[in-house]
Amino acid sequence: GTNASSRTVAPRRSPVPSVVVARLRSVPPPSRGVLTRAAARADSEYAGPLDVVALGNMCVDILHPPAPIPDPAELKTEAFLATLDATGDDASSRDAAPSDRWEVGGNCNFLIAAARLGLRAECVGHVGDDARGAFLRDTLAAEGVPLKRLASPELVADAARKNERMDKTLTCHVLSDGVGGHAFCSRYDLGPWPLLSEVRGVDDDAARALGRADAVFVNGFVFDELRPSAVKSAVAIAKANGAKVFFDPGPRAFTFRVGDAARVEALDSILGDADVVLATLEEAAALVDAGDFADAGHGALGGTAVGAGGVSKSTSGGVALDPATVATQLLKRPGCAADWVVIKCGPDGASVFTRRGDQVYVGSPAVEVGDTVGCGDSAAAAVVLGYAKICAAREKLFQASSGKIAYLPNARLAAMMEETLALATATGAATATTKGAGRNVATAELVEELLDRCVCDEETCLGWGINAAAATRAKELLDV
């Protein structure tokens, strides 16, 4: 791996060397039915603070057998979507039996990973009164994740007369090439947007969940579902109560650059609210306000999610992209208020860049890849956990010093950032060992196994590497 330097966000920064990582052999997939750490301590009547709430993007994935993935020009069309829909199962009745081709998707990947890592998670989203909606609700409930309705039953019933999607659960077709690459085709790609146009705010139950959350997770797909004003009002409820905001644009990042004025305004708004932005190299580049990097990022995404994972360096349209430069440009984007930009680099690992100019690079455990669906969502859950621990440590020091010390010591902060990324890359790698996401995302037990192997043999990891001390501390983040 390549050695890099990490620095901390304390006023007087000193370089802290990063690490080299080891290569792991393949590991068995996680077993179903493992009680999540959150579920093990959950109470159905729990009314205390929530660790994280995910906003929107509740959908059911329909998994297709491995096959060559069509060109984006064919993939993102009404005709191809109709062909995929015709191969689906009847889900119009709530009593229809779930199909073995169904898996929960969208923000469910993040939520299940978060619960398994020990976060108390809830979601605010919309599902229909149909078999897929029942499947999604039951699956999340089994993982200890309650679903709070985005809109009242009365609004849904009235709105369904104008918009049939208001009474159905959104679906996404997941295509795999059998060698790690994947692509999506759904109404999220084709519109008409917003898909849930009649929702102009959140229901009372949803507002209460957002008001109790320490963090809110927003991905780019929610802007395909909801009006920008509805997203902004939901985020505002959480921020008004002190929540940190995490934004992952996902493969829809390019739509904020080429979309209409409302879409651009939506990006400006969420970047102004976000504390942490998480993205692949190309997605982050697509969010940069202007110039060659934004053009290169948009060109690399090409309107599709096809690909086998991120990279630590990329070239598109003759422009070389690297994490440090792209993250710095994004932090400098007018209106962006993020504290961190996390660049997800697939098998190379991940890197984090702070507004103060600090940089930390961490590699990834090497595993035999089933596919990469849900890897980024899973890693994001680990970043939420690590960032929360840093905020808690900073607040504890602030209170202990009677408000005189607002920053963690350099070495401690560098170590905590490093262990956060180590947990994130191990969580993403654990998810990659399976096929499909949803219930197949990482378990805490598998993540711990990967980290244990890093502790035993630092030479078995990819990219920038993970040292034994960072892997040990990453395991300790899972203690609840």
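Tutor: Helices here are DSSP runs of H or I with at least four residues, strands are DSSP runs of E with at least two, and both are numbered from the N terminus. On that basis the secondary structure of the protein comes to 19 helices and 19 strands. This is a predicted model, where local features need pLDDT of at least 70 and side-chain atom pairs count only at pLDDT 80 or more, while totals for chains, interfaces and linings use all residues. Residues are numbered from 1 along each chain as its sequence is written, and side-chain values use heavy atoms, with hydrogens and water left out.

Student: Why is Arg132 called buried?

Tutor: Buried means under 20% relative accessible area, exposed means over 50%, and partly exposed lies in between (1.4 Å probe, protein chains only). Arg132 has a relative accessible area of 13%, so it counts as buried. Arg132 belongs to helix 5 (residues 131-142).

Student: Which residues does Arg132 touch?

Tutor: Contact means heavy atoms within 4.5 Å. Leaving out residues up to four places away in sequence, Arg132 touches Val60, Ile62, Asp89, Ala91, Trp102, Thr169 and Thr171. Arg132 and Asp95 are 37 residues apart in sequence, and their C-alpha atoms are 9.7 Å apart in space.

Student: What makes strand 4 and strand 5 a pair?

Tutor: Two strands pair if DSSP finds at least two bridges between them. Strand 4 (residues 58-63) and strand 5 have five bridges, so they meet that condition, and the sense is antiparallel.

Student: In what order do the four strands of the open sheet lie?

Tutor: The order is 5-4-8-9, with mixed pairing. Strand 5 (102-106) and strand 9 (182-186) are the edge strands, as each pairs on one side only. From one strand to the next, the twist averages 40°.

Student: Which strands does helix 3 touch?

Tutor: Helix 3 (residues 78-86) packs on the sheet and touches strand 8 (170-176) and strand 9. Its direction makes about 95° with that of strand 8; axes are lines fitted to C-alpha atoms, for helices over the stretch in contact, and angles run from 0 to 180 degrees between N-to-C directions. Helix 4 (residues 107-117) also packs on the sheet, touching strand 4 and strand 5, and its direction makes about 90° with that of strand 5.

Student: How do you know that the length of helix 17 agrees with its number of residues?

Tutor: The expected span of a helix is 1.5 Å times one less than its number of residues. Helix 17 (residues 410-432) has 23 residues and should span 33 Å; its end C-alpha atoms are 33 Å apart, so the two values agree.

Student: Why is helix 17 called largely enclosed?

Tutor: Of its 23 residues, 20 are buried, so the rest of the structure largely encloses helix 17.

Student: What makes a nonpolar core, and how many residues has the largest?

Tutor: A nonpolar core is a set of buried Ala, Val, Leu, Ile, Met, Phe, Trp, Tyr and Cys residues joined through side-chain atoms within 4.5 Å. The largest has 86 residues, and Phe110, Leu136 and Leu423 are among those with the most contacts inside it. Helix 16 (residues 375-400) gives the largest share of this core, 12 residues. Another core lies apart from it, with 57 residues, including Ala234 and Leu271.

Student: Why is Ala238 called buried?

Tutor: Ala238, in helix 10 (residues 228-240), has a relative accessible area of 0%, so it is buried. Ala238 touches Leu210, Val216 and Ala243, not counting residues up to four places away in sequence.
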